[in-house]
Amino acid sequence: MASWGRRSTAVAHHMRAFFTANKTAQIRIGTRRYPFFNPAVSSALVPRPWPSIINMTSLFLVNRFTSSVAGSQAGSRHADDDNDDNLVKKELAVKMYSDMVTLQIMDTFFYEAQRQGRISFYMTSSGEEAINISSAAALGKDDIIMPQYREHGILLWRGFSLQEFANQCFGNKDDVGKGRQMPIHYGSSKHNFITVSSPIATQLPQAAGVAYSLKMDKKDACVVAFIGDGGTSQGDFHAGLNFAAVMEAPVIFVCRNNGWAISTPISEQFRSDGVAVKGQAYGIPSIRVDGTDALAVYSAIRAARNMAVNEQRPVLVETLAYRVGHHSTSDDSTKYRSLDEIEQWKTDRDPVNRFRKWVELNGWWSEREETELRSNLMRAIQVAEGRRKPPLTELFTDVYDLPPSNLVEQEKQLRETINKYPIDFPSDVSL
């Protein structure tokens, strides 16, 4: 394998050695291989010094670094990385890359569809594709996903079709959620993907409870809950971690530390050295990994899952990345960060391009395959946009076996209002 791939997966070697070491042992993590991120590149990402010796509270440090350092290391070789050569085989690597590209294309199309007024809202995962797809690749199909709102790549990996994504964003009659959720609030019981909810961090205490139920039922599975760096300031983050730690629930908390919580940089979000140290405070083994490196994320999540399932305990994984896109289509991030900063990350640290170079170096991908992959999404959007909306009755079903009188009255009033002012309501909604 290419030396770039060896360097990328160095974290896996250290993690495996660490987890198999004596519990009271210490491990030295060198700063040579993982130089810290340069704060001059981003005003949001302000590092603090970190000790080179840590105990078995299990905090792994793979620092966010600048493109110049990444470039200088691309051809480096480390002898202790050789054990990871066979970690990702061709079939897995090709699926990971194709799904990363599909996710990137899908985000672009839906973002533009919103800008054209065809859907009401959208959020991209630009800059965080590796976190999505590599996490999905490292997990089992029975593992339960409790997303925040940038994890649609995991649903893609598990078989949710482009047409199903389009149906949800357009809220048509074929949407599995019956048009009741705003765009990108996906959910699928078939794929063990709990429906996205807008309130921040509410899924974390729930994840601890769901994971404990898996433990009681002796399931060979875990729960994986996602949160952003801003969400770690919510009380539910601390409640969720504490519950999971005390109950020894098999749950992986994945924090996407992308530098920004909407317009709030992490330098104004907390004074701790990132998020991984917060897991330590609750007695939870914690891993920090380069979130733009698909192989490193795969290694970290794989190790975390092994610990969560086999040792029946929670794990926290902090993925360091950068939110290249706006927070959502309701945001203009150029108001609080420079275009130069965004472009540097987009050009030099794009996780999709990084992984493509590694796949191509192995001879597993070509330009022809790239072109074919990029031709399918537009058809799904066109089909979804042409479908009718769910009937009006779907607003009032699936909650009560027999609707209470107040809902019956509301439905009656709504029908009367639509009949009286039909021009003010969509014409493609069946009464």
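What follows is a short exchange about a predicted model of one chain.

Biologist: How many helices and strands does the chain have?
Modeller: This is a predicted model, and its chain has 431 residues. Buried residues make up 53% of them. The secondary structure comes to 16 helices and ten strands.

Biologist: What share of the contacts between residues at least 6 apart in sequence join residues at least 24 apart?
Modeller: Contact here means heavy atoms within 4.5 Å. Among the pairs at least 6 apart, those joining residues at least 24 apart come to 77%.

Biologist: Is strand β10 mostly covered or mostly open?
Modeller: Side chains in a regular strand alternate between the two faces of the sheet. In β10, V315, V317 and T319 point one way, and L316, E318 and L320 point the other way. Both sets are buried. With six of its six residues buried, β10 is mostly covered.

Biologist: Which residues stand opposite T319 in β10?
Modeller: Strand β6, residues 251-257, pairs with β10 in the parallel sense over six bridges. Strand β9, residues 286-290, also runs parallel to β10, joined by five bridges. From β6 comes R256, and from β9 comes V289.

Biologist: What is the handedness of the unit that β9, helix α11 and β10 make?
Modeller: Helix α11 spans residues 294-311. Strand β10 covers residues 315-320. Together with β9 they make a β-α-β unit that is right-handed.

Biologist: How many aromatic pairs are there, and which class does F110 with Y122 fall in?
Modeller: The count comes to nine aromatic pairs. The ring centres of F110 and Y122 lie 5.5 Å apart, with planes at 45°. Planes under 30 degrees apart would count as stacked and over 60 as edge-to-face, so this pair is tilted.

Biologist: Why does the pair of F165 and Y186 count as edge-to-face, and how far apart in sequence are the parts it ties together?
Modeller: The planes of F165 and Y186 stand at 85°, with centres 4.9 Å apart, so the pair is edge-to-face. Both residues count as buried because the cut-off is under 20%: F165 has 0% relative accessibility and Y186 has 1%. F165 lies in helix α7 and Y186 in the loop between α7 and α8, so the parts tied together are 21 residues apart.

Biologist: Which residue has its charged end over the ring of W157?
Modeller: The charged end sits 4.3 Å from the ring centre. A charge counts as over a ring within 6 Å of the centre and within 35 degrees of the normal. The residue is K95.

Definitions and conventions. Residues numbered from 1 in each chain as written. Predicted model: local features only at pLDDT ≥ 70, side-chain atom pairs only at ≥ 80, totals over all residues. Heavy atoms only, no water. Buried < 20%, exposed > 50% of the residue type's maximum accessible area, 1.4 Å probe, protein only. Helix = DSSP H or I, 4+ residues; strand = E, 2+ residues; numbered from the N terminus. Pairing = 2+ DSSP bridges. Right-handed = clockwise from strand over helix to strand, strands pointing away. Phe/Tyr/Trp six-rings, centres within 6.5 Å; stacked < 30°, edge-to-face > 60°.
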